[in-house]
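The sequence and the coordinates are shown first, and the description comes after them.

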Amino acid sequence: MSEIKENILVTGGAGYIGSHIVRDLGEKGFLPVVYDNLSTGNKKNVLYGDFIEGDISDSTLLKDTIKKYGIKSIIHFAASIVVEESVQNPLKYYENNSVNTFKLIKTCVASGIQNFVFSSTAAVYGTPEKVPVDENAPLNPINPYGKSKLFTEMVLKDTAAALPDFNYIALRYFNVAGSDGKARIGQQYKKPTHLITLALKAALGEYPQLKIFGSDYDTPDGTAVRDYIHTDDLSTAHLLALDYLKKEKKSLVFNCGYGQGSSVREVVDTIKKVTGIDFEVVEAPRRGGDPPQLVADSQLIQKTLGWKPRYNDLEYIIETAWAWEKKLRRED
Ligand code: UFG
């Protein structure tokens with residue numbers, strides 16, 4: 001007899017990362033209920049489940065949706081995510097990632113939601129004293145994006161401590177990249193800002209060159225170092241987190257990364273190798289809000305949830321992102 005699996009509310013499920021988790025939930029027999037205001041997402045990314053167009057600040061629609069689908073678990077992605085934009089427009093970040101997410105949590109609690117998976121970020125660490133950074137490191141975000149997410153972590157922690165039936169897992173993402181192995185979904189922003197996407201677009205000739213933001217960091221080659229994690233490994237972490245919350249009813253915080261750093265130059269060289277295209281690269285000043293190095297110590301999630309990275313390979317990450325970019329180009 002097949003097991004009947006529950007409905008899972010996925011805010012931001014039409015976006016880049018959310019849509020990968022929606023795909024995996026659907027493939028595992030859950031019904032994802034995608035709730036997205038389509039500010040950066042696209043309905044075409046929703047491969048499974050039901051879609052509701054709505055904003056997380058709309059408590060009435062949220063309440064009705066939770067009730068209609070009998071939701072007990074939520075995975076919350078809907079957020080603004082660009083570090084430099086957060087420096088230029090902090091109010092957007094505090095409004096969306098802190099104020100509106102606070103409202104969402106309030107609605108969830110009032111509606112009897114028990115399990116909350118939160119997409120947090122490595123940006124909560126700021127400039128870590130020690131790299132790889134583990135979950136107990138001091139939290140000193142250096143940009144409004146990181147601060148806006150840390151606020152939500154604090155709200156979740158205190159709420160879970162006060163309410164025995166409410167638990168959460170915050171996943172601190174490092175640099176999420178790559179896409180679905182079949183190139184069905186991937187990153188698609190009107191104004192892309194991420195390194196791999198911009199470099200691939202430079203390889204395709206959509207941009208005249210790639211700028212390296214800062215070559216005077218205290219790192220081996222002077223450029224910033226990040227821990228790039230494939231969307232499919234990140235997606236598995238969410239499914240394991242959900243399962244853990246349901247079984248163990250305990251709140252926890254985990255890093256999601258591979259424990260391996262790549263510099264901007266290394267990424268650019270790998271992109272040139274994978275694409276076989278030699279695009280122009282120029283050195284430019286540092287970008288606002290960027291820490292020099294962010295690399296995860298991810299032992300805790302491996303031990304506690306049994307998470308096993310499968311795609312810890314920058315070339316593979318770039319190959320999948322490249323397949324997606326070429327597909328977007330063909331569809332243009
Ligand atoms: N970079 C360039 N040139 C570009 C774009 C980026 O040199 O054209 C550099 C950045 O300055 C940075 C690195 O490449 O040093 C990575 O930049 P991304 O924009 O790809 O990613 P970020 O590290 O700024 O941020 C990402 C997510 C955040 C998350 C963070 C966690 O966007 O949401 O990873 O590490 F918090």
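## Overall form

The structure is a predicted model. The protein contains 10 helices and 14 strands. Its C-alpha atoms occupy a box of roughly 55 × 45 × 40 Å along the principal axes. For 332 residues, a compact globule would have a radius of gyration near 20 Å, and the 19 Å of the protein agrees with this.

Of the 332 residues, 53% are buried. The accessible surface is about 14,800 Å², and carbon and sulfur atoms account for 50% of that surface. Among contacts with a separation of 6 or more, 78% join residues 24 or more positions apart.

The domain assignment divides the protein into domain 1 (7–177 + 228–256) and domain 2 (195–226 + 259–331). The C-alpha centres of domain 1 and domain 2 are 23 Å apart.

At the interface, 33 residues of domain 1 make contact with 33 residues of domain 2. Together the domains bury about 2,800 Å², with 68% of this area on carbon and sulfur atoms. Tyr 228, His 230 and Asp 233 provide 27% of the area that domain 1 buries against domain 2, more than any other three residues.

## Nonpolar cores

The largest nonpolar core comprises 55 residues, and Leu 25, Leu 171 and Ile 196 have the most contacts inside it. Both domains take part in this core, with at least three residues drawn from each of domain 1 and domain 2. Another core, of 24 residues, lies apart from it; Tyr 35, Ile 66, Tyr 69 and Ala 160 are among its members.

The surroundings of Leu 25 can be listed in detail. Beyond its neighbours within four places in sequence, Leu 25 contacts Ile 8, Val 10, Phe 30, Pro 32, Ile 75, Leu 239 and Leu 242.

## Helix α6

How many of the nine residues of α6 are buried? Nine of the nine are, so this helix is largely enclosed by the rest of the structure. The buried residues of α6 include Ile 196, Leu 198 and Leu 200, together with Thr 197 and Lys 201. Ile 196 is also one of the residues with the most contacts inside the largest nonpolar core.

The cover over the buried residues of α6 includes the strands β7, β8 (209–213) and β10 (228–230), as well as the helices α8 (264–275) and α10 (314–331). Just after α6, Gly 205 adopts a positive phi of about 85°.

Arg 23 belongs to helix α1 (residues 16–27). Is this residue buried or exposed? Arg 23 counts as buried, because its relative accessibility of 4% falls under the 20% limit. Leaving aside neighbours within four places in sequence, its contacts are Leu 47, Tyr 48, Asp 180, Arg 184, Ile 185, Asp 232 and Ser 235.

Lys 191 is located in the loop between β7 (175–177) and α6 (195–203). Its relative accessible area is 72%, so Lys 191 is exposed. Although 151 residues separate Lys 191 from Thr 40 in sequence, their C-alpha atoms are 9.9 Å apart in space.

## Backbone exceptions

Most residues other than glycine have a negative phi, and most peptide bonds are trans. Some places in this model depart from that pattern. The peptide bond from Val 131 to Pro 132 is cis, with omega near -5°. Pro 132 sits in the loop between β5 (115–121) and α5 (144–162).

Ala 183 is not a glycine but has a positive phi of about 55°. This alanine lies in the loop between β7 and α6, and Ala 183 is buried, with a relative accessible area of 11%. Lys 249, likewise not a glycine, has a positive phi of about 50°. Lys 249 is placed in the loop between α7 (231–248) and β11 (252–256), and its relative accessibility of 52% makes Lys 249 exposed.

Definitions and conventions: Residues numbered from 1 in each chain as written. Predicted model: local features only at pLDDT ≥ 70, side-chain atom pairs only at ≥ 80, totals over all residues. Heavy atoms only, no water. Core = buried A, V, L, I, M, F, W, Y, C linked by side-chain atoms within 4.5 Å. Buried < 20%, exposed > 50% of the residue type's maximum accessible area, 1.4 Å probe, protein only. Domains from an automatic or database assignment. Contact = heavy atoms within 4.5 Å. Helix = DSSP H or I, 4+ residues; strand = E, 2+ residues; numbered from the N terminus. Rg over C-alpha atoms; globule rule 2.2 N^0.38 Å. Areas by Shrake-Rupley, 256 points an atom, 1.4 Å probe, with all protein chains shown as cover. Buried area = accessible area lost by both parts, 1.4 Å probe.
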